[in-house]
Amino acid sequence: MPNRLAKESSPYLRQHMDNPVDWYPWGEEALSVARTQDKPILLSVGYAACHWCHVMEHESFEDAEVARLMNQYFVPIKVDREERPDIDHIYMTACHVFTGSGGWPLTVFLTPDLRPFFAGTYFPKDDKYGRPGFKRVLMALADAYRNQRSDVEEQAQGFERALRGLSLGPQARGGGALNAELVTRSADLLMRRFDEVNGGFGRAPKFPNSVDLLVLEAAARRGHEQAGRASLLACTRMAEGGIYDQLGGGFHRYSVDEKWLIPHFEKMLYDNALLPRVYLAAYRRTAEPLLRRVVEETFTYLGREMTAPGGAFFATQDADSEGEEGKFFVWRPEEIEEVLGRDAGRRFCLRYGVTAQGNFEHGTSVLHIAAPLEQVARLAGVEVNALAQELEESRRKLWAHREKRIKPGRDEKIIAGWNGLMISALCDAAATLQENKYLEMATRALDFILEKMRMPDGGLYRIHADGVSKIQAFLEDYAFLAQALCDAHRASGESRHLTHARELCEQILRRFQVPDEPGFFMTEANAPGVLVRSRSLHDEAVPSGAWVATSALHYVGVATGNQEYVKLVERILEHHAAELTGRTQAYGTLLLLADRVVRGSPTVVVAGAEAEALLSLTRALTDSDVLVLPADTRDGLDRALLEGKSAQDGKAAAYVCAGQTCQAPATDVTSLKSAVASAGLQPAAHV
């Protein structure tokens with residue numbers, strides 16, 4: 001018989017409904033059972049697209065003997081980390097404290113009052129990979145809870161103290177002046193970890209680290225040539241590697257090697273929202289066609305595969321299909337030649353690194369750019385342009401053939417915050433590429449969330465699944481959506497977006513503000529069943545909700561003239577000045593905002609009719625955070641910001657300002673480029 005998870009809407013939880021484990025979802029029923037029976041809780045956290053979560057399920061949770069031990073000695077609780085990032089954050093922090101590392105599946109053992117006393121990630125059923133077997137772990141911890149209770153309690157108390165300390169975040173301390181060199185100095189620190197051969201940061205496994213790449217792009221705009229070369233190298237190597245889907249577009253989660261060749265094949269909405277922002281920033285600076293192509297292909301993938309009825313975006317696509325990781329995405333030479341013919345097939349295999357030996361499991365190959373186009377043309381004895389056209393046609397044919405395969409599963413829940421990230425990326429693309437279709441995609445998603453995922457009191461739900469919105473949203477949901485509304489306002493000039501952004505900023509302050517210092521909790525005060533009310537102050541797989549909220553407050557504050565917002569942002573930056581100047585890694589989102597504030601919050605006000613050419617140029621500035629305001633849409637805007645800014649002699653005029661200084665009004669593209677340069681900004685290279 002299916003267990004309790006059969007009633008859940010989360011695909012990840014439902015994946016476990018036929019396990020012999022007596023799973024509970026997180027909630028009062030499970031916590032009450034643990035307290036009443038004085039049983040420790042076995043908390044298992046994962047997500048639907050997670051490969052190793054599937055492995056642990058097949059090895060352990062489907063095993064009758066393992067299930068018997070779990071059911072007899074523990075209260076097993078399964079959590080979808082995408083539904084409950086608060087639970088995941090608390091106990092992932094515990095895992096880092098206990099083991100020095102983390103990941104999913106996350107496995108944590110708790111006392112009935114929710115204090116952790118043991119934590120780890122994936123455990124094999126039996127001892128292997130240098131890891132203790134899960135059965136041995138279960139027996140040892142069950143015995144410790146029964147017979148060494150004082151030791152367990154002491155361990156749990158130590159964990160709780162550590163978690164409560166970490167939940168408060170860094171304490172304010174002196175030092176760390178914010179100045180115009182902040183971004184370039186931070187880029188110097190990041191370059192110490194940069195892989196000069198393959199691009200990206202560190203060694204295997206290698207993650208994209210989108211925010212760090214955006215910091216490099218910001219430094220490149222300030223004249224840091226090494227940072228610009230590094231960012232372009234990372235973008236190019238990822239686009240050429242197996243981490244990028246060479247046929248269908250979109251990015252897989254991360255690479256298991258340092259060359260971006262072999263990915264873990266799950267595709268996450270947030271990666272495919274954050275990485276296009278990096279590629280767009282690099283494209284504005286360099287006009288490299290590859291960068292634009294990757295953005296366009298990624299959004300085509302999202303429109304085709306990840307868009308729900310109504311316009312919002314699904315959460316993830318699995319790594320596995322037919323029980324095998326990557327099976328949908330990999331190839332053999334004979335299959336390619338069967339689709340393309342012998343000669344075209346061999347040329348494709350040479351270009352995309354498909355060999356008889358393979359580079360993945362069972363002699364299969366992950367597609368990647370293995371040889372330069374000119375080299376393939378020379379070896380094949382064909383002309384370069386003709387080969388390029390043939391390869392594009394081959395890509396289309398192979399994609400169509402791949403569509404006949406059994407596709408990986410898709411987690412079709414809609415997450416408010418992740419949709420906010422995607423909307424921001426689409427607005428960035430609309431402004432940069434002057435493609436209205438991206439703004440239309442963004443607007444549809446925004447309208448869906450504002451219509452379907454708002455609470456009666458103006459708050460947000462985090463999840464929409466099976467036609468129902470549920471789970472009160474977290475700080476990141478409010479923050480990412482508020483920022484998305486700011487980006488939609490910047491890209492379109494529509495006042496309704498600014499109005500909604502201001503409403504969400506008020507909700508953020510009411511629900512999440514820390515009482516005694518400038519900052520934000522990630523959960524509301526009334527969040528049920530959590531050990532600590534924590535703060536997420538570091539950029540991780542997604543940017544810190546606290547810093548994105550701060551950025552949204554700053555945009556709304558400047559645009560509307562709300563000085564309370566502006567001063568709060570200044571206090572937050574001052575409070576964290578030491579972290580910003582001494583620990584670039586994980587503070588990139590706040591650092592980019594600090595750079596904008598230090599530069600005087602650059603603003604371009606465009607006034608007058610027929611101003612589209614001026615608006616297009618300013619919206620495509622390499623500094624995508626510049627506030628662009630069409631003065632003729634005055635609803636809600638700061639009157640002082642607009643004062644004295646009007647058309648000149650019947651012509652539309654643009655006023656480029658930073659701090660208290662404005663350039664002379666520009667009435668044509670040439671004079672606007674000059675004004676932009678005088679303000680320390682740059683028009684995009686492709687404009």
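**Strands, a crossover and cysteines**

Reply: Let us begin with one pair of residues in this predicted model. Val 605 has Leu 629, in strand S17, as its bridge partner.

Me: In which sense do S16 and S17 pair, and over how many bridges?

Reply: Strand S16, residues 603–607, pairs with S17 in the parallel sense, and four bridges link them. Between S16 and S17 the chain passes through helix H25, residues 612–619. This β-α-β crossover is right-handed.

Me: How should I read the side chains of strand S17, and are they buried or exposed?

Reply: In a regular strand, side chains alternate between the two faces of the sheet. In S17, residues 627–630, Leu 627 and Leu 629 point one way, while Val 628 and Pro 630 point the other way. All four of these residues are buried.

Me: Let us turn to the cysteines. How many disulfides does the structure hold?

Reply: A disulfide is a covalent bond between the sulfur atoms of two cysteines. The structure holds two of them. Counting bonded cysteines along the chain, the pattern is 1-2, 3-4.

Me: Which cysteine is joined to Cys 50, and how far apart are the sulfur atoms?

Reply: The partner of Cys 50 is Cys 53, with 2.4 Å between their sulfur atoms. This link is right-handed, with 80° about the S-S bond. Cys 50 has a relative accessible area of 3%, and Cys 53 has 2%. Both values are under 20%, so Cys 50 and Cys 53 count as buried.

Me: What can be said of the link between Cys 657 and Cys 662?

Reply: The link of Cys 657 and Cys 662 is right-handed, with 105° about the S-S bond. The S to S distance is 2.0 Å. Cys 657 is buried at 7% relative accessibility, whereas Cys 662 is partly exposed at 38%.

Methods. Residues numbered from 1 in each chain as written. Predicted model: local features only at pLDDT ≥ 70, side-chain atom pairs only at ≥ 80, totals over all residues. Heavy atoms only, no water. Disulfide = S-S within 2.5 Å. Buried < 20%, exposed > 50% of the residue type's maximum accessible area, 1.4 Å probe, protein only. Helix = DSSP H or I, 4+ residues; strand = E, 2+ residues; numbered from the N terminus. Pairing = 2+ DSSP bridges. Right-handed = clockwise from strand over helix to strand, strands pointing away.
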